[in-house]
Amino acid sequence: MDKQQLLAIASTVMPFGKYQGRLLIDLPEAYLLWFARKNAFPAGTLGELMQLTLAIKIEGLQGLVTPLRRTPNK
């Protein structure tokens with residue numbers, strides 16, 4: 001986990017699905033766990049960021065991302 005990844009989690013908007021338009025850090029843990037259980041994270045950078053977001057939420061480290069938050073562009 002590096003600063004660029006934390007910045008991306010704080011500013012990347014979920015591009016599809018039930019939570020489309022939300023920042024990755026704002027996705028519910030249960031939603032991210034569903035992807036993990038199904039082994040269905042998207043390929044590429046988005047999937048990597050979603051997996052990292054899940055790890056942050058499981059470990060209770062959201063405070064690392066809070067000061068980096070940006071308002072999503074819709």
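Is Phe 35 buried or exposed, and what is its relative accessible area? Phe 35 is buried, its relative accessible area being 6%. The legends below describe close-up views of a predicted model.

**Figure 1. Helix H3 and its buried residues.** Helix H3 covers residues 45-58, which makes 14 residues. The buried residues of H3 are Leu 46, Gly 47, Leu 49, Met 50, Leu 52, Thr 53, Leu 54, Ile 56 and Lys 57. These buried residues pack against two other helices, H1 (3-11) and H2 (29-38). Just after H3 comes Gly 60, whose phi is positive, at about 70 degrees.

**Figure 2. The crossing of helices H1 and H3.** The axes of H1 and H3 come within 10 Å, and they cross at roughly 90 degrees. H1 is therefore roughly perpendicular to H3. On the H1 side, the contact is made by Gln 5, Leu 6, Ala 8 and Ile 9. On the H3 side, Leu 49, Leu 52, Thr 53 and Ile 56 take part. Of the residues in this contact, 6 are nonpolar and 2 are polar, with no charged residue.

**Figure 3. Leu 6 and Lys 3, two residues of helix H1.** Leu 6 lies in helix H1 and has a relative accessible area of 12%, so it is buried. Leaving aside neighbours within four places in sequence, Leu 6 is in contact with Met 1, Ile 56, Val 65 and Leu 68. Leu 6 and Ile 56 are 50 residues apart along the chain, and their C-alpha atoms are separated by 9.7 Å. Lys 3 is also found in helix H1. Lys 3 has a relative accessible area of 60% and is therefore exposed. From C-alpha to C-alpha, Lys 3 and Pro 67 are 12 Å apart in space, while 64 residues apart in sequence.

**Figure 4. Thr 53 in helix H3.** Thr 53 is found in helix H3. Its relative accessibility is 0%, so Thr 53 counts as buried. When residues up to four places away in sequence are not counted, Thr 53 touches Ile 9, Leu 24, Ile 25 and Leu 32. Thr 53 is also one of the H3 residues that make the contact with H1.

**Figure 5. Met 14 in the loop between H1 and H2.** Met 14 is found in the loop that joins H1 and H2. With a relative accessibility of 1%, Met 14 counts as buried, although it belongs to a loop. Not counting residues up to four places away in sequence, Met 14 touches Tyr 19, Gln 20, Gly 21, Arg 22, Leu 24, Leu 27, Tyr 31, Phe 35 and Met 50. Among these, Leu 24 is 10 residues from Met 14 along the chain, and the C-alpha atoms of the two are separated by 6.0 Å.

**Figure 6. Aromatic rings around Tyr 31.** The model has 5 aromatic pairs. Tyr 19 and Tyr 31 form one of them, edge-to-face, with 4.8 Å from centre to centre and 70 degrees between the planes. Tyr 19 lies in the loop between H1 and H2 and Tyr 31 in helix H2, so this pair ties together parts that are 12 residues apart in sequence. Both tyrosines, Tyr 19 and Tyr 31, are buried. The ring of Tyr 31 also pairs with that of Phe 35: the centres are 5.1 Å apart and the planes stand at 90 degrees, so this pair is edge-to-face. Tyr 31 and Phe 35 both lie in helix H2, 4 residues apart, about one turn of the helix. Tyr 31 has a relative accessibility of 14%, which is why it counts as buried. One aromatic cluster is formed by Phe 16, Tyr 19, Tyr 31, Trp 34, Phe 35 and Phe 41.

**Figure 7. Asn 39 in the loop between H2 and H3.** Asn 39 lies in the loop between H2 and H3. Its relative accessibility is 71%, so Asn 39 counts as exposed. Phi of Asn 39 is positive, near 50 degrees, and the residue is not a glycine. Most residues other than glycine have a negative phi.

Conventions: Residues numbered from 1 in each chain as written. Predicted model: local features only at pLDDT ≥ 70, side-chain atom pairs only at ≥ 80, totals over all residues. Heavy atoms only, no water. Expected span 1.5 Å × (residues − 1). Buried < 20%, exposed > 50% of the residue type's maximum accessible area, 1.4 Å probe, protein only. Contact = heavy atoms within 4.5 Å. Axes fitted to C-alpha atoms, helices over the stretch in contact; angles between N-to-C directions. Parallel < 35°, antiparallel > 145°, perpendicular 65-115°, else oblique. Nonpolar A, V, L, I, M, F, W, Y, C, P; charged D, E, K, R; others polar. Phe/Tyr/Trp six-rings, centres within 6.5 Å; stacked < 30°, edge-to-face > 60°.
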